[in-house]
Amino acid sequence: MRGRVSESRSPAVKVVLHFTNRKLVRGFLLDGDGELPTAVDAGPPQASLLPETLEILSTEGQAITVNVSDCKAVFFVKEFDAHDNTDLRFFRDTNTLSGIWVRIRFVDGEVSEGLVPNSLAFVVDPAFYLKPADLLSNNVMIYVLKKALLSLEVLGVR
């Protein structure tokens with residue numbers, strides 16, 4: 001059944017697309033067959049980059065195609081209506097997290113911190129996945145397009 005979440009399935013992957021013009025689109029990620037895939041893993045998907053276009057079922061119920069290059073970031077979230085605190089918090093119990101701890105600043109002034117993979121792909125690819133360091137964050141994973149960054153600061157290696 002296209003665009004519907006079955007009661008027998010896990011909740012669909014929720015995304016909030018942040019565009020470079022500050023527009024937001026909230027919706028559910030559709031796979032190539034128009035089906036709703038289930039939860040995002042604790043780590044990034046196997047592919048290091050998202051496809052050039054994403055199929056989204058908006059919260060208004062419309063199926064839309066989005067060019068990822070028009071976004072500054074794609075936020076994989078737990079809830080659409082939750083708001084993350086802007087406070088940056090450090091946690092002692094982060095044994096399950098590994099990578100390079102970075103602080104990023106987008107050209108629009110938004111700041112985030114988290115862990116990125118310690119890999120060549122992080123350096124050479126036009127985008128990367130950021131795992132928020134705050135395990136209580138509404139953000140599960142953030143797909144960051146480098147062209148939307150003002151700065152990236154390495155804070156440490158974990």
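My entries follow, starting with the ground rules.

**Ground rules.** I am working with a predicted model, where local features need pLDDT of at least 70 and side-chain atom pairs count only at pLDDT 80 or more, while totals for chains, interfaces and linings use all residues. Residues are numbered from 1 along each chain as its sequence is written, and side-chain values use heavy atoms, with hydrogens and water left out.

**Asparagine 138.** I found asparagine 138 in the loop between β8 (127–132) and β9 (139–145); strands here are DSSP runs of E, at least two residues, and helices are runs of H or I, at least four, numbered from the N terminus. Is asparagine 138 buried or exposed? I noted it as buried, at 10% relative accessible area (buried is under 20%, exposed over 50%, partly exposed in between, with a 1.4 Å probe and protein chains only). A polar atom of its side chain lies 2.8 Å from the backbone oxygen of glutamate 79. I also looked up valine 77: its C-alpha is 5.6 Å from that of asparagine 138, though the two are 61 residues apart along the chain.

**Arginine 22.** Next I went to the loop between β1 (14–19) and β2 (24–30), where arginine 22 sits. Arginine 22 is exposed, with 59% relative accessible area. Its phi is positive, about 75°, and it is not a glycine. I wrote a reminder beside that: most residues other than glycine have a negative phi.

**Leucine 120.** Last, I checked helix α1 (residues 120–124), which holds leucine 120. Leucine 120 is exposed, with a relative accessible area of 63%.

Note on methods:
A polar contact is a pair of N or O atoms within 3.5 Å; within protein, one must be able to donate a hydrogen and the other to accept it, and residues adjacent in sequence count only if both atoms are side-chain atoms.
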